[in-house]
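This report describes the fold, the nonpolar cores and selected local contacts of one protein. The sequence and the structure are shown first, and the description follows.

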Amino acid sequence: MTDGFPAPVAVADAPLAATITRVAELAGKMGRDLSQVFDLRRLSEASGVPTDVVKTLLDGRPAGEPDLQARFLQRLDLLRRTRVKPNGRRYTQQEIADGAGMSRQQAGALINGDRRPTMEHCDAIQRFFGVHAGFLTAHDADALTDALQRTEQQLLQDYAGRSRETVPASGASAGDPLARLLQNHGVRGIAWRAAQLPSDKHRDKVTEWLDMLLESVKPNES
């Protein structure tokens, strides 16, 4: 157990388990409160997955997967409850229809479950509410994994910013390319960016460039 959360390896879904492990370890290194990092309501709103299902998946237990129609209705309802107008009111069917480029009848049929959504419907509604592609259709474990990966990226950016603050920006280091590299990106930032590259070939190229940089700034031996 970790602050009330089961060990990440207990999660049945492998990609989700790996993501939870990375997020928990990174949050621990940064001294973040895991109850906030893994806040059920926040993760539910970010993923579209109901809070009880989020808890079940984080606990490492399988959760019943709704079919596409049920998943769409569930997440559309969550969007209408959580992505509201500046005055705090929900968007009306007419406003959703206008924003998504469909008739009020079409929007009403989709909202009420009288019509199965197409991918075009989903894309249009997702754009209207300003959420990422797949929000309305992704399987629960995949949706939660995606939300946690965005949390991970934010934590890594925060960690990289902290690393930059620890690198002195003195005049002596102003001409040092290695110091500038660490100051601008941070070790964790460099590692994170390299990890996002599409292939080992690209990552090997980054390694080659870093090796060349380190070699070029080695102190001259007298």
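Helices (H or I, at least four residues) and strands (E, at least two) are taken as DSSP runs and numbered from the N terminus. On this basis the protein has 12 helices and zero strands, and its pattern along the sequence reads α-α-α-α-α-α-α-α-α-α-α-α. The model is a predicted one, in which local features need pLDDT of at least 70 and side-chain atom pairs count only at pLDDT 80 or more, whereas totals for chains, interfaces and linings use all residues. Residues are numbered from 1 along each chain as its sequence is written, and side-chain values use heavy atoms, with hydrogens and water left out.

## Overall properties

Burial is expressed by relative accessible area: buried means under 20%, exposed over 50%, and partly exposed in between (1.4 Å probe, protein chains only). Of the 222 residues in the protein, 37% are buried. The protein exposes about 12,900 Å², of which carbon and sulfur atoms supply 51%; accessible areas come from the Shrake-Rupley method with a 1.4 Å probe, and for residues only the protein chains shown count as cover. A contact means heavy atoms within 4.5 Å. Among contacts between residues at least 6 apart in sequence, 61% join residues at least 24 apart.

## Nonpolar cores

In soluble globular proteins, nonpolar side chains tend to be buried together. A nonpolar core is here a set of buried Ala, Val, Leu, Ile, Met, Phe, Trp, Tyr and Cys residues joined through side-chain atoms within 4.5 Å. The largest such core has 22 residues, and those with the most contacts inside it are F38, L43, L58, L144, L148 and L155. At least two residues of this core come from each of α1 (14-29), α2 (34-37), α4 and α9 (140-166). A second, separate core comprises 18 residues, including L110, I111, I125 and L136.

Not counting residues up to four places away in sequence, L43 touches V37, F38, G48, V54, L58, L144, L148 and T151. Helix α4 (residues 51-58) also contains L57, which is buried at a relative accessible area of 10%. The C-alpha atoms of L57 and L144 are 8.5 Å apart in space, although the two residues are 87 apart in sequence.

Helix α3 (residues 40-47) has L43, S44 and S47 as its buried residues. These cover an arc of only 105° around the axis, which puts them on the same side of α3; the arc is that of the directions from the helix axis to the C-beta atoms. The N-terminal end of α3 is capped by D39, with a side-chain oxygen 3.4 Å from the backbone nitrogen of R41. After α3 comes G48, whose phi is positive, near 90°.

In helix α7 (residues 104-111), the buried residues are A107, G108, A109, L110 and I111. They pack against α5, α6 and α8. Helix α7 is followed by G113, with a positive phi near 80°.

K85 is located in the loop between α5 (68-82) and α6 (93-100). Is K85 buried or exposed? Its relative accessibility is 17%, so K85 counts as buried. Apart from neighbours within four places in sequence, K85 is in contact with R90, Y91 and E95. The side chains of K85 and E95 are joined by a polar contact of 3.2 Å; a polar contact is a pair of N or O atoms within 3.5 Å, where within protein one must be able to donate a hydrogen and the other to accept it, and residues adjacent in sequence count only if both atoms are side-chain atoms.

Rings of Phe, Tyr and Trp (its six-membered ring) pair if their centres lie within 6.5 Å; planes under 30 degrees apart count as stacked, over 60 as edge-to-face and the rest as tilted. The structure holds three aromatic pairs, two of which are tabulated here.

| Pair | Centre distance | Plane angle | Arrangement |
|---|---|---|---|
| Y91 and F128 | 5.0 Å | 75° | edge-to-face |
| Y91 and F129 | 6.0 Å | 85° | edge-to-face |

Y91 lies in the loop between α5 and α6 and F129 in helix α8, so their pair ties together parts that are 38 residues apart in sequence. Ring pairs link Y91, F128 and F129 into a cluster.
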